[in-house]
Amino acid sequence: ITDQQINSAGHLMIGGCDAVELAHQYGTPLVVYDVQQIRRQIRAFKHVFEENNVEYAVSYASKAFAAIAMYQVVAAEGGHTDVVSGGELYTAIKAGFPMANVSFHGNNKSREELEMAIDHHVGTIMIDNFHEIELLTDVLEERDVKVNVMLRITPGISAHTNKYIQTGQVDSKFGFDLQSGQADEALAKVLANPRMQMKGLHAHIGSQIFELAGFKGVAKKLVEVAAHWQEKFNYQASVINVGGGFGIRYVKDDTPLAPEEFVEAIIKAIKDEINKTNLMMPAIWIEPGRSIAGPAGYNLYTVGSRKAVPGLRPYVTVDGGMGDNIRPALYEAQYETVLASDPRANLVEHVRLAGKYCESGDILSQDQALPATKPGDVLAMLDTGAYGYSMASNYNRNPRPAVVFAEDGKAQVVIKRETYDDLIHLDEPYRQ
Ligand code: LLP
């Protein structure tokens with residue numbers, strides 16, 4: 001929390017708005033995004049490429065947080081986006097996102113999803129497997145149209161991160177295997193299909209990565225594959241897409257590089273490798289999700305009950321929990337939380353910050369240092385913008401929170417709070 005984020009009342013500000021007032025006006029739990037922070041991050045990524053004179057796309061991985069408003073902001077900043085489902089694609093369409101700048105990922109896209117993508121002129125289909133080549137061939141023939149494709153390969157690189165969010169290791173469900181010749185076979189099929197315009201290759205090694213090694217490794221690997229493809233198939237890749245995964249700082253002990261430093265290193269690694277070949281410099285695409293949405297998001301909660309445990313730290317419970325942020329329960333993810341009315345107040349106790357869900361694992365923070373709190377106080381959990389709301393659920397039939405975008409001192413609801421009627425909207429009585 002910087003000085004600029006604290007107003008004259010001593011309260012936390014988000015996008016120029018008083019966090020305590022936002023909580024009172026819109027209710028809690030509440031997800032708030034600092035829109036300028038989203039814009040800054042996209043601009044920072046773009047800047048690195050422009051400084052290095054490299055053709056590029058900064059393709060926001062919208063699984064981190066997908067909403068009409070988010071797609072609008074990304075489009076306004078000249079970002080591309082990647083979608084991984086018909087639902088994300090539908091949302092991007094409704095947001096008016098330029099479809100040429102959309103890539104469609106996924107390891108089991110359905111025929112219906114592929115049809116939707118083709119009918120809406122999605123820019124690039126990221127082909128993941130042989131079944132998809134067949135489905136897509138069918139859809140393209142039926143409609144007699146062409147589409148840009150890229151092949152996703154499994155680079156065989158394990159990133160140093162939580163095992164559930166590693167994706168690049170050989171034993172992964174994503175992409176074509178390299179060793180066994182799957183990738184070559186896939187390329188042969190794509191090149192033989194006049195309706196598929198082969199643009200390049202893609203790999204993604206995982207998420208919340210702090211080190212350069214994995215990115216340098218994947219850059220090298222992709223260029224090696226591109227060089228091999230040129231030799232064997234006389235095919236020149238025009239795009240190399242290294243995926244996303246740039247780690248962000250959640251707690252004090254986290255020491256990731258700045259996202260721009262990752263990109264700088266990726267550009268250099270690709271240039272160096274390209275110089276060893278006779279390939280032309282390809283465009284470089286990246287797919288950051290967390291690093292764009294994460295630091296911009298805050299979850300606001302209201303303090304409720306408290307339980308002392310003799311000999312141990314107390315439980316302080318808030319009005320949200322695993323339904324609006326599953327990450328602590330699922331990945332043991334850690335966050336920092338502050339008192340919104342006085343983010344720098346003296347910390348007087350360590351507590352377990354618990355959620356309201358009927359499950360022992362619903363602990364938002366195992367060990368959070370806090371100032372004195374009382375029921376009604378507003379807590380702000382920081383850096384919750386990625387994979388928070390996007391992984392929200394209605395567990396225990398709790399309505400999902402509202403999402404507010406704050407910028408230049410103005411706030412707007414961009415996703416309404418669910419109501420109890422929303423919760424039963426799809427229910428049908430059983431006529432027994
Ligand atoms: N590109 C591809 C192909 C991906 O699979 C992913 C994330 C990204 C880009 C974006 O990665 P990012 O820059 O956000 O790290 N739910 C987990 C994260 C799952 C990430 C899945 N793929 C979490 O909450 O940590």
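This is a predicted model: local features need pLDDT of at least 70, side-chain atom pairs count only at pLDDT 80 or more; totals for chains, interfaces and linings use all residues.
View 1. Residues are numbered from 1 along each chain as its sequence is written. Local features need pLDDT of at least 70 and side-chain atom pairs count only at pLDDT 80 or more, whereas totals for chains, interfaces and linings use all residues.

View 2. Domain 1 contributes 15 residues and domain 2 contributes 11 residues, two residues being in contact if their C-beta atoms, placed from the backbone, lie within 7 Å. On the side of domain 1 that touches domain 2, strand S19 (402–407) and strand S20 (410–415) each supply at least two residues; strands are DSSP runs (E, at least two residues) and helices are DSSP runs (H or I, at least four), numbered from the N terminus.

**View 3. Glu287 in the annotated binding site.** The unreviewed UniProt entry places a "binding site" at Gly245, Glu287, Pro288, Gly289, Arg290 and Tyr387; such annotations may be inferred rather than shown by experiment. Glu287 lies in the loop between strand S12 (283–286) and helix H10 (290–293). Beyond four places in sequence, its contacts include Asp82, His204 and Asn241.

**View 4. Arg290 in helix H10.** Arg290 is located in helix H10. Not counting residues up to four places away in sequence, Arg290 touches Ala64, Ser207, Gln208, Ile248, Ala386 and Tyr387.
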